[in-house]
Amino acid sequence: MHELSIAASIVESVIESAAAYPGARVKEVRLRVGALASVVEDSLQFCWELATQDSPLAGAALVIHVLPVIVHCDACRADTEIAGVQSFRCPKCGELAADLRQGRELEIASIELEEPDKIEEPVEEHV
Amino acid sequence: MTTRIVELRRGILKKNDELAAGLRQQFTSAGVLVLNLVSSPGTGKTAFLERTLRELRARGAQAAALVGDLETDNDARRLAASGAPVRQINTHGICHLDAAMIASHLEGWEGVSLAGLNYLFIENVGNLVCPSSYDLGERIRVVLLSVTEGEDKPLKYPGLFNSADAAVITKIDIAEPCGFDRELALRNVNEIRPGIRIFETSAKTGTGMDVWLNYLAEQAGKA
C-alpha cells in the first residue's frame, strides 16, 4: 500500500542524481530490496509506472533485485542466509538467531543512463 | 548514444531516515522515551494506550500521545479522557505515519514541551505492513497482537514483527472463549523475533499492566 510513496521517493532521488548528467536519459533504475523490507514487487512496478509518467523518467525500467535474509549465529560465529522469512534460525545448528545482517535494504543501487555522444564530462565537485 | 552506469547506493527513504535521526537526537537530549505502537486495526491500541496513559499519570509521570488515523479525531478524544495531552494526526488516506508528520505535529503543540515529558507515545495507523519501513525517531517499536487475531499473525507479517523491540498481546481477558493458543502465539513471536520481550495484557481488567509499566520505567531510566 505504501509502494506509491516509495515509488515517488525513488523518482525524486533519481531525478536529483541524474541532474549531474545533462542531456542524459534514464534507461533503467536498479534497486536492492531486502526480503524483509515489506515491499511488494508487483505493486511497486505498478506504482512505478504511475509515478514516472509525465516525468523525465517516463519509460525508464525498474529492476528489483531481492536480497535474502542473512542472520548471524552466535553459536556458529557465522553469517548465513536463511530460506524464507518464517523462522529466524541458523540453518546450520538450528538455534534462534536474532542478529539480522541483511534483509531490510531499501536502496537505489545504480541507474543506467543513455547519453548523446561527445557530451562533456560533468564537473566533479570536490568537498 | 553511449550508456553509462552510475552507482548510487542510496537509501530510498533517506530523507525520512535523516529526519527520524534528527528527531531521535532531539528526544534523547530532552530525556523523553518515545514509543511507536503498531498493530492491525482493531487490536486495541487505543484502549491499551488509554490505560497506559492513565496509570502513568497515577504514578506521577508525564506522558503525551500523538495518534495517527486516516480520518476522524475519535481516538484523540478517547485518549484525552486520560488527562494526558493528545494530538491527532490525520493522514487522509496514507497508510502509515512518517517522520515529517511527527515533526510537524510536535511543533506548536500547545502546553507540551519535550523537555517536560517522560514518555511520548505514537499510535501508528492500524496496519501491519507499511509502518515497518518508516522510522519515526522512536527508541522502542511496540507491536501489538490481540487474542482474537490468530496466533500466526507474526508469521504472516514477519517484516513488522521482526522490526519490533517489544510485543504486547492484548485482550488477554477473553483468551479462553476465543480459544487462544498462548504457547503457539508466544512461539511464533519468538520464531520471527528471537528474544523479544512479550507482555500479556488486558486494558479492561488491568491484567499485566504492572509488568508493562515497570518495563517502561526501566527503559526510561536508561535514557
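Biologist: Before we start, what are the ground rules here?
Modeller: This being a predicted model, local features need pLDDT of at least 70 and side-chain atom pairs count only at pLDDT 80 or more, while totals for chains, interfaces and linings use all residues. Residues are numbered from 1 along each chain as its sequence is written, and chains are lettered from A and ligands numbered from 1 in the order in which they are written.

Biologist: What radius of gyration does chain B have?
Modeller: We take that radius over C-alpha atoms, and the globule rule is 2.2 Å times the number of residues to the power 0.38. For 223 residues a compact globule would come out near 17 Å, and chain B agrees with that, at 18 Å.

Biologist: How much of chain B is buried?
Modeller: A residue is buried if 20 or more other C-beta atoms, placed from the backbone, lie within 10 Å of its own, exposed if 12 or fewer, and partly exposed in between. Out of 223 residues in chain B, the buried share is 45%.

Biologist: Why do the buried residues of α1(B) line one face of the helix?
Modeller: Helices are DSSP runs of H or I with at least four residues, strands are runs of E with at least two, and both are numbered from the N terminus. The buried residues of α1(B) are Asn16(B), Ala20(B), Leu23(B) and Phe27(B). Taking directions from the helix axis to the C-beta atoms, they line one face because they fall within an arc of 60 degrees.

Biologist: And which exposed residues sit on the face turned away from the buried side of α1(B)?
Modeller: The buried side has cover that includes β2 (33-38) and α4 (99-106) of chain B. The face turned away from it carries Gln25(B) and Ser29(B).

Biologist: Which element gives the largest share of the side of chain B that touches chain A?
Modeller: Contact means C-beta atoms, placed from the backbone, within 7 Å, and 29 residues from chain B and 29 residues from chain A take part. Elements giving two or more residues on the chain B side are β1 (2-11), α6 (158-163) and α7 (182-192). The largest share, ten residues, comes from β1(B).

Biologist: How many bridges join β6 of chain A to β1(B)?
Modeller: Strands pair if DSSP finds at least two bridges between them. Here β6 (residues 106-115) of chain A and β1(B) run antiparallel, and Glu107(A) has Gly11(B) as its bridge partner. The number of bridges joining the two strands is eight.

Key
Two residues are in contact if their C-beta atoms, placed from the backbone, lie within 7 Å.
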